[in-house]
Amino acid sequence: MKICEWLEARGIHCKDSRLIEQAFVHSSYVNEHKQLKHDNERLEFMGDAVLQLWVSDKLFRLDPPLDEGHMTTFRAQLVCEEALAIYARQLQLNSFLKLGVGEEKTGGRERDSIIADMFEAMLGALYEDSGMEPIDNILTEVIMPHLSHPEEPIIVDYKTKLQEYVQSDSRKTVTYEVINTTGPSNKPEFEVQVKLEGIILGTGKGNSKKKAEQKAAQNAFEKMVL
């Protein structure tokens, strides 16, 4: 299935299919296909602005209303890289992503930063193609459920949850250790272990130490509570 077929199934008509498809073209793909002139970076710029406007408008209209501080904090959660990657995966959009061979081999199709940029680029392309209506269609599906429950976090802090769970029985503190680093220096992948008194509770990988620690904490927490 092509992206425009996917959109048509959701009631969104593509006027310019090439523009929509461009939103899924990563720079690494253009580098390996010299006949192509454009990647998705300019569309990402537009999509970021459209996303901010849509979310800001919905937050402003919540009833009961939120104060400025809460709106700012909530918006930051709704549009952060990890949240955008969650929305894109929920819609299974990363299957349409076009990557260079090297980027594909190093796990680019599952990298949050690439998926989030692609999601913003798609919003930018849809806006340029048809205005705000298709934006509302897509974002209502993935973001509106979170707007209905502003007290519930979108991104779970598993490091905090794990520490609280451990300390419910003792005053002990878990520790994190990087056990392996792979990939080139500009795109490293870290593997982290979380331990309690020398005992390995879980492991996780990520393209930053912070993300790898969160994955390790999630792995440990889910094993301990399930």
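The largest pocket in this predicted model holds about 870 Å³ of space. Its lining counts 32 residues, and the ones closest to the centre are D112, K205, G206, K211 and K215. As for the elements around this pocket, α6, β3 (199-206) and α12 (209-225) each supply at least two lining residues.

D112 brings us to helix α8, which covers residues 112-130. This helix has 19 residues and spans 27 Å from its first C-alpha to its last, close to the 27 Å expected at 1.5 Å a residue. Is it enclosed or out in the open? Of its 19 residues, 14 are buried, so α8 is largely enclosed by the rest of the structure.

Now for the packing. The largest nonpolar core has 48 residues, and L78, L93, F119, I138 and I143 touch the most other members. The largest share, 10 residues, comes from α8. Leaving out residues up to four places away in sequence, L93 touches I3, W6, F24, A88, M118, F119 and M122. There is also a second, separate core of 14 residues, and V174, L196, L201 and A220 are among its members.

A few spots in the backbone deserve a look. Most residues other than glycine have a negative phi, and most peptide bonds are trans. Here are the exceptions to check on screen:

| Site | Backbone feature | Value |
|---|---|---|
| D63 to P64 | cis peptide bond | omega near 5 degrees |
| Q92 | positive phi | near 60 degrees |
| E197 | positive phi | near 50 degrees |

Where do they sit? P64 is in the loop between α4 and α5. Q92 is in the loop between α6 and α7 (101-105), and E197 is in the one between β2 (189-196) and β3.

Are Q92 and E197 buried or exposed? Q92 has a relative accessible area of 58%, so it counts as exposed. E197 is exposed too, at 61% relative accessibility.

Definitions and conventions
Residues numbered from 1 in each chain as written. Predicted model: local features only at pLDDT ≥ 70, side-chain atom pairs only at ≥ 80, totals over all residues. Heavy atoms only, no water. Helix = DSSP H or I, 4+ residues; strand = E, 2+ residues; numbered from the N terminus. Expected span 1.5 Å × (residues − 1). Buried < 20%, exposed > 50% of the residue type's maximum accessible area, 1.4 Å probe, protein only. Core = buried A, V, L, I, M, F, W, Y, C linked by side-chain atoms within 4.5 Å. Contact = heavy atoms within 4.5 Å. 1 Å grid on protein atoms, 1.4 Å probe; cavity = no way out; pocket = protein on both sides within 12 Å on 5 of 7 lines; lining within 4 Å. Points joined across faces, edges and corners; volume = space filled by probe spheres on them.
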